[in-house]
Amino acid sequence: MSALVSSKTRAPIVEPDAYSVIAPSCMIADALTKVLAQTKQTDSTYLRRFGATGLITSARSNELEAA
């Protein structure tokens, strides 16, 4: 199971990557984490609009992608 659910398929997003968002409030960070898990775009305008930073940690390569 996963706490992240795809808005298109309504299926749990189960994959080895981890998604985190740093934002001015925990409510904004929580909401944007769900969007980040679906779009996988750390450089998107929605993050900038809310003054947030998205982080994706890849378990496959032990790399961190951030914007």
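**Group meeting: a predicted chain and its core**

Let me start with confidence: strand β3, residues 63-66, has the lowest mean pLDDT of the elements in the protein chain, at 60, while α2 has the highest, at 96. pLDDT is the predictor's own confidence in each residue, on a scale from 0 to 100. Where pLDDT is low, predicted coordinates should not be read in detail. Over the protein chain the mean pLDDT is 87, with 88% of residues at 70 or more.

Now the ground rules. This is a predicted model, in which local features need a pLDDT of at least 70 and side-chain atom pairs count only at pLDDT 80 or more, while totals for chains, interfaces and linings use all residues. Residues are numbered from 1 along each chain as its sequence is written, and side-chain values use heavy atoms, with hydrogens and water left out.

Next, the layout. The protein chain has two helices and three strands, in the order β-α-α-β-β from the N terminus.

On burial, 30% of the 67 residues in the protein chain are buried. Buried means under 20% relative accessible area, exposed means over 50%, and partly exposed is in between, with a 1.4 Å probe and protein chains only. The protein chain exposes about 4,600 Å², and carbon and sulfur atoms supply 57% of that. Those areas come from the Shrake-Rupley method with a 1.4 Å probe; for residues, only the protein chains shown count as cover.

As for contacts, meaning heavy atoms within 4.5 Å, take those in the protein chain between residues at least 6 apart in sequence: 43% of them join residues at least 24 apart.

Which residues make up the largest nonpolar core? There are 12 residues in all: Leu4, Ile13, Tyr19, Val21, Ala29, Leu32, Leu36, Ala37, Tyr46, Leu47, Ala52 and Ile56. The most come from α1, which gives four. By nonpolar core I mean a set of buried Ala, Val, Leu, Ile, Met, Phe, Trp, Tyr and Cys residues joined through side-chain atoms within 4.5 Å. In soluble globular proteins, nonpolar side chains tend to be buried together.

Staying with α1: this helix has 14 residues and spans 20 Å from first C-alpha to last, close to the 20 Å expected at 1.5 Å a residue. The expected span is 1.5 Å times one less than the number of residues. Its buried residues are Ala29, Leu32, Thr33, Leu36 and Ala37. What do the buried residues of α1 pack against? Their partners are β1, α2 and β2 (53-58).

Now the charged pairs. How many salt bridges does a search of the whole structure find? Two, where a salt bridge is a side-chain nitrogen of Lys or Arg within 4 Å of a carboxyl oxygen of Asp or Glu. Side chains of opposite charge can pair when their charged atoms come close.

Aspartate 30 pairs with lysine 34, with 2.8 Å between the closest N and O atoms. The two sit four residues apart in that helix, about one turn. Aspartate 30 is partly exposed at 45% relative accessibility, and lysine 34 is partly exposed at 33%.

The other bridge joins lysine 40 and glutamate 15, at 3.5 Å from N to O. Lysine 40 is in the loop between α1 and α2 and glutamate 15 is in the segment before β1, so the pair ties together parts 25 residues apart in sequence. Lysine 40 is partly exposed at 37% relative accessibility, as is glutamate 15 at 31%.

Arginine 10 lies in the segment before β1 and counts as exposed, at 70% relative accessibility.

Last, valine 5, also in the segment before β1. Valine 5 is partly exposed, with a relative accessible area of 42%. Leaving out residues up to four places away in sequence, valine 5 touches Arg10, Ala11, Pro12, Ile13 and Gln38. Valine 5 and glutamine 38 are 33 residues apart in sequence, and their C-alpha atoms are 8.5 Å apart in space.
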